[in-house]
Amino acid sequence: MLLDGKVAIVTGAASLRGIGRATAKAFVAQGARIVVLDLDEAQAQAAAADLGQGHLGLRADVTDRQACVDAVAKVQEQFGQIDILINNAGITQPIKTLDISPANYEAVLDVNLRGTLYMSQAVLPVMRAQRRGSIVCMSSVSAQRGGGIFGGPHYSAAKAGVLGLARAMAREFGPDNVRVNAVTPGLIQTDITAGKLTDAMKVDILKGIPLNRLGDAQDVANVCLFLASDLSSYLTGVTLDVNGGMLI
Ligand code: NAD
């Protein structure tokens with residue numbers, strides 16, 4: 001199997017219909033042990049238990065540097081290795097430029113961008129010492145086309161920042177055999193989008209998607225699996241678009 005013997009941390013993996021949860025499941029199917037890291041301890045543990053035996057659920061707010069460090073220490077204590085980090089935790093706010101308050105800006109930049117940095121900082125020393133590791137950072141098509149239905153301009157900025165951060169870390173840690181790549185999903189049906197799309201909105205959106213459907217979490221999970229596994233052993237610093245052709 002692709003991830004036999006690997007240990008993967010997936011942030012934001014407690015959300016039932018989310019990309020993180022689907023990614024965790026895809027990894028388990030390929031032999032990995034998973035650490036579900038999310039804001040609520042009970043939910044993180046329930047999500048880990050739902051994956052089967054031998055997985056771990058931990059509470060950590062990715063915007064809290066010490067919480068990230070502590071969570072990684074617990075993972076090391078339990079498993080003694082960390083092969084994969086999926087920086088998936090994210091939030092969005094569907095507001096326009098003139099409506100972005102300082103608090104809006106901080107919240108969205110903090111979770112999406114600061115969280116990606118803090119979790120990466122926590123695992124990179126472990127991966128460097130192991131001389132192996134793969135980090136996948138969740139960006140968004142919003143970074144590339146400047147906004148969308150669900151993401152405000154501050155979300156676009158945060159997700160564009162994630163792309164720069166991923167490339168810089170890829171360059172810095174390539175010599176340590178640690179790969180860092182990014183994924184830019186298009187419109188994926190998860191809790192972020194659930195119940196918010198009218199039929200008229202869907203028809204309109206589909207006109208801009210050559211594959212003529214919205215994405216689902218599994219579409220993104222499959223690409224994360226590719227980037228996390230040795231199938232992508234000579235890829236680092238790349239961004240893979242998972243958007244049904246939205247940018248063609
Ligand atoms: P989701 O809301 O289903 O899942 C996000 C998870 O992140 C939740 O479990 C939440 O509790 C967790 N989280 C939020 N803040 C956190 C924090 N501070 N610390 C730890 N965990 C935190 O969302 P999703 O649609 O599965 O999105 C997953 C990722 O994919 C996000 O980064 C999102 O921006 C990105 N994305 C989603 C779409 C889409 O259409 N759904 C498109 C492009 C990118």
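A polar contact is a pair of N or O atoms within 3.5 Å; within protein, one atom must be able to donate a hydrogen and the other to accept it, and residues adjacent in sequence count only if both atoms are side-chain atoms. The structure is a predicted model, in which local features need pLDDT of at least 70 and side-chain atom pairs count only at pLDDT 80 or more, while totals for chains, interfaces and linings use all residues. Residues are numbered from 1 along each chain as its sequence is written, and side-chain values use heavy atoms, with hydrogens and water left out.

**Ligand site**

An oxygen atom of the ligand lies 2.6 Å from a polar side-chain atom of Tyr155. The backbone also takes part: an N or O atom of Ile188 is 2.8 Å from an oxygen atom of the ligand, and a polar backbone atom of Val62 is 3.0 Å from a nitrogen atom of the ligand. On its own the ligand has 840 Å² of accessible area, of which the protein covers 91%; such areas come from the Shrake-Rupley method with a 1.4 Å probe, and for residues only the protein chains shown count as cover.

There are 27 residues around the ligand, and Ser15, Ile19, Asp38, Tyr155 and Thr190 come nearest; a residue is near a molecule or strand if one of its heavy atoms lies within 4 Å of it. The ligand sits in the largest pocket. A pocket is an open set of points on a 1 Å grid over the protein atoms alone, where a 1.4 Å probe fits, with protein on both sides within 12 Å along at least five of seven lines; lining residues have an atom within 4 Å of a point. A molecule sits in a pocket if more than half of its atoms lie within 2 Å of its grid points.

Helices (H or I, at least four residues) and strands (E, at least two) are DSSP runs, numbered from the N terminus. Buried means under 20% relative accessible area, exposed over 50%, and partly exposed in between (1.4 Å probe, protein chains only).

His154 belongs to helix α6 and is buried, at 2% relative accessible area. The side chain of His154 makes a polar contact of 2.7 Å with that of Gln93.

**Salt bridges**

The whole structure holds 8 salt bridges, each a side-chain nitrogen of Lys or Arg within 4 Å of a carboxyl oxygen of Asp or Glu.

| Pair | N to O distance |
|---|---|
| Asp176 and Arg128 | 3.2 Å |
| Lys207 and Asp204 | 3.7 Å |
| Asp219 and Arg213 | 2.9 Å |

Asp176 and Arg128 form a salt bridge that links distant parts of the chain, 48 residues apart: Asp176 is in the loop between α6 (153-173) and β6 (178-185), and Arg128 is in helix α4 (residues 102-130). Asp176 is buried, at 12% relative accessible area, and Arg128 is partly exposed, at 39%. Lys207 is exposed, at 67%, and Arg213 is partly exposed, at 41%. A network of salt bridges links Arg21, Lys25 and Asp50.

**Strand β9**

Leu240 lies in strand β9, residues 239-242, and is partly exposed, at 24% relative accessible area. The C-alpha atoms of Leu240 and Thr184 are separated by 6.1 Å, although the two residues are 56 residues apart along the chain.
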